Amino acid sequence: MRTRHRAVKLGAALALVASAVVSPAAFAANPIITSYYTADPAPLVVGNTMYIYAGRDEAAQGNNNFYMREWRVLSSTDAANWTDHGAKANIGTFPWAGADAWASEVEAKNGKYYWYTSVNGNGAGWMDIGVAVGDSPLGPFRDAKGGPLISDSTPNSSGLNIDPTVFTDDDGQSYIYWGGYWGARAAKLKSNMIELDGPVVTPQGLSNFWEAPWMFKRNGLYYMMYAANDTSGCVTNSNYACQRYATATNPMGPWTHRGVVLDQVSSTTNHAGVVQFNNQWYIVYHNANAPGGGNFRRSVAVDLLHFNSDGTMRKVTQTTSGPPPNPSGPPAGGTNLAPSATASTSYVSSWESLAAINNGGVPANSGDRANLAYGNWPERGTQWIEYTWPTAQSINKVATYWFDDDQGIDLPASCQVQYWNGSAYVDVPGQSACGVAGNTFNTTTFTTVNTTRLRLNITSKPDFSTGVLEWQAFQA
Ligand code: FUB
């Protein structure tokens with residue numbers, strides 16, 4: 001980032017329109033997309049889908065300055081083939097900002113998606129951290145606060161307020177970490193996700209921190225990965241950067257430095273994120289490897305990440321092939337008996353389709369109608385869907401992906417799995433919680449039943465109807 005110069009402010013009235021629809025395209029190599037330049041990737045897993053939120057490098061060839069005006073989204077269900085969803089936020093998303101759509105990260109919380117961004121506000125100082133919010137991983141996103149979450153006027157803020165990474169611990173407490181120019185910072189977030197909760201602290205132990213922190217947790221241990229640019233084992237020339245990492249037993253540190261996980265890349269900046277997806281760990285980063293690429297024309301790459309048995313990270317092998325396809329399967333394996341069943345229901349809206357529930361679709365999120373949707377609007381209260389097989393089946397698990405159209409259909413208040421015992425419908429025995437989370441398969445296990453008919457009772461929230469994108473039933 002030493003070569004970074006302040007970009008020309010474009011003015012708050014900049015008329016940038018985030019793309020509403022972009023033709024999807026598939027990619028299966030590194031960089032994962034070469035039709036334009038992408039940088040500062042932040043992965044997020046929702047259900048069976050990995051999303052990557054990335055800035056777009058628009059600098060002309062030979063221009064040694066960042067020119068970045070929008071943030072884009074890509075997604076994959078196998079971490080190898082990627083769909084481009086276009087720009088889902090841009091400088092115009094933040095009316096108080098004017099330029100420099102730098103590194104960002106999305107955090108899921110409270111059923112919403114909070115997009116923390118580095119952006120050049122029009123106030124005093126240079127870079128600020130803003131936050132946008134949306135109801136799905138693909139938005140639409142709107143400014144959540146009406147001003148920066150963090151700016152130069154935030155007490156004890158970083159010398160450069162960029163590169164937010166947000167982490168939510170198992171107890172529900174969220175934290176934000178950020179910083180550049182060697183100044184790492186951390187703070188708690190209030191549960192509304194748009195206010196700091198308490199003082200900004202300076203984390204201890206992040207040796208040679210330069211910028212681009214990324215926080216995650218694995219097996220009870222906290223990991224902070226970050227860009228460093230020292231020449232003591234990191235880079236050959238301090239215009240470049242590597243990714244070092246540290247671990248801690250508390251999300252606020254103190255941190256113990258563990259070493260380099262990603263060597264210098266072909267671009268001067270080095271910005272990465274780590275995520276677990278379909279039982280495999282991945283690192284998502286950028287380099288200058290696309291045709292015509294450079295330090296201000298970067299491109300996102302994905303590679304496998306491995307841990308040693310003591311929890312330390314192995315150094316990443318940077319590839320041009322990318323990882324092998326790792327498709328989503330059913331939640332915990334087993335044979336899904338749903339496609340061989342006949343489906344019936346208490347009610348289906350005439351424009352929706354009961355066939356949705358057992359057509360084998362893998363929804364990207366709860367609003368994804370790509371493989372049809374079952375909905376029972378305007379019915380309320382308890383409705384049911386049911387499977388019938390010509391012969392008895394042994395079943396001990398179901399998985400439900402709820403439909404939520406953000407209109408009359410919402411996630412249910414509760415649900416209950418029942419089976420036909422030969423004379424009546426009764427609750428399946430030993431039933432685990434019947435989950436009602438959006439954007440994921442909700443798995444319910446129970447003691448094996450032998451039956452020709454299985455039913456899902458769905459109880460709506462007041463004033464809403466309910467819907468299902470996929471209902472799987474597994475052979476015991
Ligand atoms: O893309 C602009 C800046 O370069 C990011 O905010 C830094 O992390 C570095 O990648």
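## Between the two domains

Across the interface of domain 1 and domain 2, the rule finds zero salt bridges (a side-chain nitrogen of Lys or Arg within 4 Å of a carboxyl oxygen of Asp or Glu). Two residue pairs are in polar contact between domain 1 and domain 2, both at pLDDT 80 or more; such a contact is a pair of N or O atoms within 3.5 Å, one able to donate a hydrogen and the other to accept it, and residues adjacent in sequence count only if both atoms are side-chain atoms.

This is a predicted model, where local features need pLDDT of at least 70, side-chain atom pairs count only at pLDDT 80 or more, and totals for chains, interfaces and linings use all residues. Residues are numbered from 1 along each chain as its sequence is written, and side-chain values use heavy atoms, leaving out hydrogens and water.

## How the domains meet

The domain assignment, automatic or from a database, gives domain 1 (25-305) and domain 2 (338-475). Their C-alpha centres lie 37 Å apart. Nine residues from domain 1 and eight residues from domain 2 make the contact (heavy atoms within 4.5 Å).

About 600 Å² is buried between domain 1 and domain 2, with carbon and sulfur atoms giving 44%; this is the accessible area (1.4 Å probe) that two parts lose on being put together, summed over both. Gly47, Asn48 and Asp135 supply 46% of the area that domain 1 buries against domain 2.

## Nonpolar cores

Which residues have the most contacts inside the largest nonpolar core? They are Tyr53, Trp71, Trp102 and Trp115, in a core of 28 residues. A nonpolar core joins buried Ala, Val, Leu, Ile, Met, Phe, Trp, Tyr and Cys residues through side-chain atoms within 4.5 Å, buried being under 20% relative accessible area (1.4 Å probe, protein chains only). Another core, of 26 residues, lies apart from the largest one and includes Ala341 and Tyr387.

Methods
Buried < 20%, exposed > 50% of the residue type's maximum accessible area, 1.4 Å probe, protein only.
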